[in-house]
2 protein chains.
Amino acid sequence: MAADSDESESGSTDRLGLICRALRRAILERALRPGDKLPEDALGERFGVSRTIARYALGQLGSEGLVELRRNRIAVVATPSWEEARDLFDVRVSLERLVVKQLAGRLTREQIEELEAGIAEEREAQGGPESASIRLATEFHITLAEMTGSPILIRYVSEIGYRCGLTLSLFGRPHSSECAVNEHLEIVAALASGDADRACALMDHHLEAVASRALVSEAAKPRDIMDVLAPYVTDAAGPKKRRAGG
Amino acid sequence: MAADSDESESGSTDRLGLICRALRRAILERALRPGDKLPEDALGERFGVSRTIARYALGQLGSEGLVELRRNRIAVVATPSWEEARDLFDVRVSLERLVVKQLAGRLTREQIEELEAGIAEEREAQGGPESASIRLATEFHITLAEMTGSPILIRYVSEIGYRCGLTLSLFGRPHSSECAVNEHLEIVAALASGDADRACALMDHHLEAVASRALVSEAAKPRDIMDVLAPYVTDAAGPKKRRAGG
DNA sequence: GGCGCCAGACTTGCATGCACTTTTGCGACG
DNA sequence: CGTCGCAAAAGTGCATGCAAGTCTGGCGCC
């Protein structure tokens, strides 16, 4: 698999990679929500390691944009702004277009079955919690990227996938992911038939659909608590500004 | 402004970011060459910090693909394979196309002047060492990305830029970068005139040209010493295989 | 009654120490 | 003479300790 000597996190007794994966998944499934604090002590204790490792893991996640790191402050789960999310989806479209272009007509029977199995799982999870749907949908895109064998595509698509998943759980309305599942299926079919253009168009449409569901409205969820409260301060306290953003 | 609270490396007394930048630049300018060892001790001593910080910096660079990290082994400057380089340039084209699309017709007078000043610097450096040319050319693309204001684009274009620069210094022939400078100028002109399609086409062409100069031949520089020796072992030692790759 | 300020707890920033792994040099053996 | 093996040296993996910075609750002042 492409995950062995590839990145900084992998190995035999690799507790670092373990922690990273656990945190990523927890964030994606909304067990950890934007703004939640991630103290090094607590993390380390929870995973049975020292602060050193926890800190290192937070650094990784920070560079992936999943947690926010500020000097001398407790790390928190990232709270993407609407603009960041929009940018993310833009880049995502470009990258995943590359993925389908590379993959069209080159998937083995085995790979197609793996993808379809994943989609079946998605379908099963539809009745369950939304978090599972988001995770499985994200994994579909990552699996696709992994099949290209291009480390850089794998890395970027994974990273953006997680961040988009985070965004979805932030801004998205409780969507029925039924259509998304079907879209996944259609994409695989187009890839299997070797129709690159069609696969590309389907992927574009799919991601635009996801984005439009995710970013229903710019005002859906403002970035900052102070913004949430803005409409309420017409006659309240007034011009007292304690801190810019917290 | 976009560089302050953006990533994990920034701050006031930020020695970590300092080390990262220094190492990135050293690698880009070929002061550190692929395969060079980067022991934590030596790095820390050189920069006046402890191994902890050096290690952390190496982790960052590792996740950026500039250094190779293997468990219990000394970190080394990455030696990209030809295939990785090819993938890198593919992704780069997609991303920088996004950059010019966003920028076309939206550059301020000030920004255009900044870009042209950078290009002038490139022209001046043409007589000097190749490493300076590569660095300045890379910085042009990064500056462009920064002007989009999109954190994700900035990060990815920067990272890929550095890695492509590394590749260039690995595989590239001693090219006259004259045309590249002119191409940069043309791109800025197209952006300033607001002609997105033309800017896009120019950027595509430019990057393809760079890639073709960089990846002159698949056999130019194989990844592994063992591969270099492969043609010589017809009648030499024989089937003795000490290690897969070193 | 509200506001500001200060001290204690809490958390991060970072260096150092120790155990474990890899590497290397050297001597013994085939 | 070439090869293997072992032991010292070098380097990483990681926990812990201490200094410095940040948050919180309570007290005094206006």
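Start with one contact: a polar side-chain atom of Arg15(A) sits 3.4 Å from a phosphate oxygen of DNA strand D. Keep in mind that this is a predicted model.

Now the bases. The side chain of Thr52(A) places an N or O atom 2.9 Å from a base nitrogen of DNA strand D. Chain B reaches a base as well. There, a polar side-chain atom of Arg51(B) is 2.8 Å from a base oxygen of DNA strand D.

What does the protein meet on the DNA side? Of the atoms of DNA strand D within 4 Å of the protein, 76% are sugar or phosphate. The rest belong to bases.

Next, the elements. Three helices each give at least two residues to this surface: helix 3 (51-63) of chain A, plus helix 2 (40-47) and helix 3 (51-63) of chain B. Helix 3 of chain A has the largest share, with three residues.

Last, the sheet in chain B. It is open, with three strands in the order 1-3-2, paired antiparallel. Strand 1 (37-38) and strand 2 (67-68) of chain B are the edges, each pairing on one side only. Two bridges join strand 1 of chain B to strand 3 (residues 75-77) of chain B, in the antiparallel sense. Who faces Leu38(B)? Ala75(B), in strand 3 of chain B.

Notes. Residues numbered from 1 in each chain as written. Chains lettered and ligands numbered in written order. Predicted model: local features only at pLDDT ≥ 70, side-chain atom pairs only at ≥ 80, totals over all residues. Heavy atoms only, no water. Near = heavy atom within 4 Å. Polar contact = N/O pair within 3.5 Å; in protein donor to acceptor, adjacent residues only side chain to side chain. Helix = DSSP H or I, 4+ residues; strand = E, 2+ residues; numbered from the N terminus. Pairing = 2+ DSSP bridges.
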